[in-house]
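Hello,

Here is the structure I promised to pass on to you. Have a look at it first, and then read on for what turned up.

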Amino acid sequence: GAVMLLPLAQAIVLQGMALVVGAVAGRAAVPAFVATRTLSRIGMQMCWIVSSPLMPEFSSAWAKQDRKKIAAIVAGTLLFSAAIIAPFGIMFMVWGQGAIHLWTGGAIVVPQPLVAAMALAIVLGGVWYPLSNLILAANRPSGYTVWYVALSALFVGLAVILVKALGVTGAAVAMAMLDFVMLLVVIRLARRLFGSDLNLREGFAFWQSVIAKLSGMGQNRIGT
């Protein structure tokens, strides 16, 4: 049901934006857009690797309504996703243009504004997407997948206007706008579903203590 809307929304965004770029900016602009988008999504895949193992644990905690564990997993998801996607976004913004040039052997030259807009999109997506996985693990996907489909179609339409005004960069700007709105949607749904009283401060404190213990163990091994 609602889970199947997720790949539909992704198809609308990924294929729809490329079609808009080809139709409005010309077919010659499509490789630059697709190459930039493909390389940027490495950051999303890294977040997926981190967040996916937490989903079964979250499902168990949600079934038991273990508020302490729920808070720890939500906090951990936000913490580790941010720790991965923020540095990746900065590196992609700075070196993405050169990386694409190297990757394609100089065959594709991308404008820096396109790289910057795509970096912003991937940073925003790298926060809301892992958080939405927890909503999926709680078996409440309809709360955001319906929005995702509708907003994807809306922003693909908006991309037509933006590409006319900004060229190929306009499609990346539309993607960043979509990810920003989805971030707001998912945060609101998470607060309503998990409870605004969820003690995330306690969850962050848990991970802080875990990191401190691991750091201490590492120092002890070096010392010995």
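Predicted model: local features only at pLDDT ≥ 70, side-chain atom pairs only at ≥ 80, totals over all residues.

You can find N139 in the loop between helix 6 (112-137) and helix 7 (142-166). What is the phi of N139, which is not a glycine? It is positive, at about 65°. That is worth a second look, because most residues other than glycine have a negative phi.

Although Q65 is not a glycine, its phi is positive, at about 50°. This residue lies in the loop that runs between helix 4 (54-64) and helix 5 (67-103). Is Q65 buried or partly exposed? With a relative accessibility of 40%, Q65 counts as partly exposed.

Now for a pair of helices. Helix 1 (residues 5-24) and helix 2 (residues 30-40) have axes that come within 9 Å and cross at roughly 155°. Angles over 145 degrees count as roughly antiparallel, and helix 1 and helix 2 are therefore roughly antiparallel to each other. The crossing of helix 1 past helix 2 is right-handed.

Which residues meet there? From helix 1 come L14, M17, A18, V21 and G22, and from helix 2 come V30, F33, V34 and R37. Sorted by class, this contact has seven nonpolar residues, one polar and one charged.

Enjoy exploring!

Best wishes

Note on methods: Residues numbered from 1 in each chain as written. Heavy atoms only, no water. Axes fitted to C-alpha atoms, helices over the stretch in contact; angles between N-to-C directions. Helix = DSSP H or I, 4+ residues; strand = E, 2+ residues; numbered from the N terminus. Parallel < 35°, antiparallel > 145°, perpendicular 65-115°, else oblique. Left-handed = near helix turned anticlockwise from the far one by under 90°. Contact = heavy atoms within 4.5 Å. Nonpolar A, V, L, I, M, F, W, Y, C, P; charged D, E, K, R; others polar. Buried < 20%, exposed > 50% of the residue type's maximum accessible area, 1.4 Å probe, protein only.
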